[in-house]
Structures are given as C-alpha cells and as structure tokens.
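Hello,

Here is the structure I promised to hand over. Please open it first, then read my notes below.

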Amino acid sequence: MVSLLKECLVILLAVLSVVQADKLSLKPYTRDAVAYEDGTTVNFEDIFNGRCYEFGCLSCLGEKPLTCDTIFSSFLDGVLSDPVCALEDTAYDSFLKLVAPDLPVDTTTFWSGTYEIAHQLSATSGLYYTMEDTFMGYLVNSLNWCGNDDQTDFDYEDCRAWDYDDCYGQATSVFWNKASALMAAQARGSVTVILNGDATTGAFRNSSFFARVEAPNLNPEKVYLVNVLLIHDLDGTPFETCDDPQTLQYLEALLEEMGIAYSCQDDPDNARFLQCSQEPEHPECSSCTKGFLDSIFGSWF
C-alpha cells in the first residue's frame, strides 16, 4: 500500500508540474542543435557562474577548496587548450575531474529524441537523473561556445557547426562526447534510456549519442540491466514498439554482447500521465485517467 501511495504521489506531482506547460511532444531535440548559433552564447561566463552557484556546487563538491571562478577557469582552459576545430579528446579532462557525477544506483538515465518528456520525468521524481541533471551537464546545457583563433577568449561571432568535415574537434562536440562517456562509465545497477518510438529513423539511431558513446561505455561489471522506455506521441504514428522493433534489436544485441540484460516498456504510466495532463480529453487518455483514479479511490467507494 505504501509503495502504491508513493507511486501515486509521484504521478500527482508530475501532473501538477506540467499543468501550465506547453503540450509535451516528441519534437526532435539533440545537443548538437545548439552548435548552429553564430557564436558563443552571449554572457556565457555569467550564465555559467550563475548556474554554478544555483546548483550549490560548494556543497556538492564536499571538502574540495573550489569556487565557481576556479571551476570556470578550468573549463575555459579546456576550450582554449588547442586551436579551433582541433581540440584533443583530453581537453576537458581537468574540468570534468572537478565536476564528475556520482549518481545513485539505478537512476542513471539517457535519452534520444525525447528531450521534453525525459526531463519532465526527471523533474518529477527521484527515479531518473539525466546528463542535464548532473553538475557538469547543468552548467552548459543549451549553451554554445568555442574559442577564437588566437586561443585567448571565446569567439562570440562564429562557431562552426561540429558536423563539418573540417571541424571535427569543435569545442562543444569534444565536451559532449567526453561528458557522455563519463556519464555512462559512472552508471551503476539498472540504467534507463528514454527513446522515441515515432522517429522514422528509428529509436536506436547509429548517429545518436546513446548509440555512439553512452551505450558502448557502460561497464558490465557495474550495470546489469538497460531498460528502454519507448515513448509515442498521443497523436503520433508509431514507427516501432517493444514487440515490433525496427532498430531496438540492434541495441539488444549490443547489450547481449556486453553481458548486460535488456528490457523494454511501451509508454509507461508515468510518461503517459504527463502527456495526458496536457490533453485529458484525448481518446488515449480516458483509460489512463480512469486507471489512475481507480488506483487511488477504487477501494474507498
């Protein structure tokens, strides 16, 4: 009974948290979307330091004698460590050592093509922690940056997109690749990945961070299970489901080779309730809402 009440409370909080929000959707969002701004985000240092203090870094870093200025300086050293488009894989190592995540067992969560709902889920419970919920991810989430040609400061005019063939070592791409590998390496217990079941390119895309970096860097000595939450829009057209996979079989095969178990859930209740909180009259939501109310009040009436 206690566990049921806890689950219901989580769902209630989820509904309340998005009641004023825009409609949740599975619109495409990837970290590389921010790399197409003209240059470094205006007031980057102020935003970075503000987030640092907001996150409460001084407490989360324990007894380490660090300040937000020190952390920012370490980050900037990484950005300016090599010429533009030629940053080494190790450019941010010193910075990441200062802000490396250490998440609770069974909470590490990855996402691909599901930015909005993944972060609504993480915001309404202690069950899911995404990259953007960690200190290292929160500091620079949705920001763009790169160094100038003479390696003295940020370039606020032009940051070349990091899928250009001649700019492989671009500042943001190097950071997110290294941070994603670190996020995967620290995972323990069961891992959640929230994927888009409507994407016609497939839920498990070879080009995604999860396929390229995160899944391969899971440690089978620490991770025993990857559970896929396969999300579909209320008005979407499912491209694949857990029972009818189009790309997920490749993820399952990869994990089997690594010695990690695989499981898959289509539209779990907590995700569906978040969607239905915005469209309660949708045909897909009537049974969802009734089931939720029955789970709370059914035995009382």
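Predicted model: local features only at pLDDT ≥ 70, side-chain atom pairs only at ≥ 80, totals over all residues.

**Helices α2 and α4**

Start with helix α2 (residues 44–55) and helix α4 (residues 68–79). Their axes come within 10 Å and cross at roughly 130°. The crossing in which α2 passes α4 is right-handed.

Which residues meet here? From α2 come Phe44, Glu45, Phe48, Asn49, Cys52 and Tyr53. From α4 come Cys68, Asp69, Ile71, Phe72 and Phe75. By class, this contact of α2 with α4 has eight nonpolar residues, one polar and two charged.

**Helices α6 and α11**

Next, look at helix α6 (residues 115–123) and helix α11 (residues 269–276). They pack at an angle of about 110°, and their axes are 10 Å apart. Angles of 65 to 115 degrees count as roughly perpendicular, so α6 is roughly perpendicular to α11.

On the α6 side, the residues in contact are Ile117, Gln120 and Leu121. They meet Asn270, Ala271, Leu274 and Gln275 in α11. Four nonpolar and three polar residues make up the contact of α6 with α11, and no charged ones.

**Cavities**

How many cavities of 30 Å³ or more does the structure hold? There are three. The largest cavity has about 70 Å³ of space. It is lined by 13 residues. Of these, the closest to its centre are Val79, Val84, Cys85, Leu87 and Gly147.

What kinds of residues form the lining of the largest cavity? Eight are nonpolar, four are polar and one is charged.

To look at this yourself, begin with Phe48 in α2 and Phe72 in α4, both among the residues of that contact. Then go to Leu121 in α6 and Leu274 in α11 for the other pair. Finish at Gly147, one of the residues closest to the centre of the largest cavity.

Best wishes

Key. Residues numbered from 1 in each chain as written. Heavy atoms only, no water. 1 Å grid on protein atoms, 1.4 Å probe; cavity = no way out; pocket = protein on both sides within 12 Å on 5 of 7 lines; lining within 4 Å. Points joined across faces, edges and corners; volume = space filled by probe spheres on them. Nonpolar A, V, L, I, M, F, W, Y, C, P; charged D, E, K, R; others polar. Axes fitted to C-alpha atoms, helices over the stretch in contact; angles between N-to-C directions. Helix = DSSP H or I, 4+ residues; strand = E, 2+ residues; numbered from the N terminus. Left-handed = near helix turned anticlockwise from the far one by under 90°. Contact = heavy atoms within 4.5 Å. Parallel < 35°, antiparallel > 145°, perpendicular 65-115°, else oblique.
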